[in-house]
Amino acid sequence: MEEIINKVANSALEVFDLEDYYPKGMRVQIDISQWLLEGFLLKEKDFREHLKNHDWAQYQDQYVAINCSTDAIIPAWALILVAVQLAPYAKKVVNGTIEDLDGSLYEEILSKLDFSEYKNKPVIVKGCSKKPVPMRAYILATSYLQPFARSIMYGEACSAVPLYKESKK
């Protein structure tokens, strides 16, 4: 019987796994429609009173996304006011969904990485993850890798989809 050789392990293929950079910490979404009259109408005095009485300390060291789940027209100052209340407690505050929040976290993290270690190497951006890595992070990682990598694939080594190959000079 022939010995089974793991060609992937013996190859020069580099795996870039976004899960390795997933920031630890609790994520929470605040829906401001709870502080609107019938979920749609912002009455400034009542809105400010709700914010004043809300327990902001519960968001200590958490990542927070602020949004409105209804079709209410919200003035910009209302979302900013919520962010101001969160500032002493939250690690990070964004306008949007949890996915928007994760995308923003990845933007910060990926912008600080040194991608030059992938120079002239074939890279696979690992596709399957147990953590909620947003599509935005995959696109951003690929754009950071492209100036360095010889080639970029997406997925798993056994079934990778080619995305980019450096042109012959």
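This is a predicted model: local features need pLDDT of at least 70, side-chain atom pairs count only at pLDDT 80 or more; totals for chains, interfaces and linings use all residues.
A salt bridge, for today, is a side-chain nitrogen of Lys or Arg within 4 Å of a carboxyl oxygen of Asp or Glu. Keep that in mind, as I will come back to it several times.

Let me begin with the whole chain. There are 5 helices and 7 strands. Reading from the N terminus, their order is α-β-β-α-β-α-β-α-β-α-β-β. The radius of gyration is 22 Å, well over the 15 Å that the globule rule gives for 169 residues, so the chain is more spread out than a compact globule. Along the principal axes, the C-alpha atoms fill a box of roughly 75 × 40 × 30 Å.

How much of the chain is buried? Of the 169 residues, 36% count as such. The chain exposes about 10,800 Å², and carbon and sulfur atoms supply 54% of that area. As for contacts, take those between residues at least 6 apart in sequence: 78% of them join residues at least 24 apart.

Now the salt bridges. Are the two partners buried or exposed? Lys92 has a relative accessible area of 17% and is buried. The cut-off for buried is under 20%. Glu108, at 35%, counts as partly exposed.

The next pair also involves helix H4. Arg136 forms a salt bridge with Glu107, and the closest N and O atoms are 2.7 Å apart. Here too the pair links distant parts of the chain: Arg136 belongs to helix H5, residues 135-145, Glu107 belongs to helix H4, and they are 29 residues apart. Arg136 is partly exposed at 35% relative accessibility, and Glu107 is partly exposed, also at 35%.

Arg48 and Glu44 make a salt bridge at 2.9 Å, N to O. Why are they about one helical turn from each other? Because they are 4 residues apart in helix H2. Arg48 has a relative accessible area of 39%, which makes it partly exposed. Glu44 is partly exposed as well, at 41%.

Leu37, Phe40 and Leu41 form a nonpolar patch on the surface, and together they have about 300 Å² of accessible area. Where does Phe40 lie? Phe40 is in the loop between strand E2, residues 27-31, and helix H2, residues 44-53. Its relative accessible area is 49%, so Phe40 counts as partly exposed. The line for exposed is over 50%.

Last, two of the strands. E6 covers residues 151-155 and E7 covers residues 161-165; they run antiparallel and are joined by 4 bridges.

How values were computed:
Residues are numbered from 1 along each chain as its sequence is written. Side-chain values use heavy atoms; hydrogens and water are left out. Patches are made of residues with over 30% relative accessible area and no salt bridge: like charges are joined within 9 Å, nonpolar side chains (Val, Leu, Ile, Met, Phe, Trp, Tyr) within 5 Å. Accessible areas come from the Shrake-Rupley method with a 1.4 Å probe; for residues, only the protein chains shown count as cover. Buried means under 20% relative accessible area, exposed over 50%, partly exposed in between (1.4 Å probe, protein chains only). The radius of gyration is taken over C-alpha atoms; the globule rule is 2.2 Å times the number of residues to the power 0.38. Contact means heavy atoms within 4.5 Å. Two strands pair if DSSP finds at least two bridges between them.
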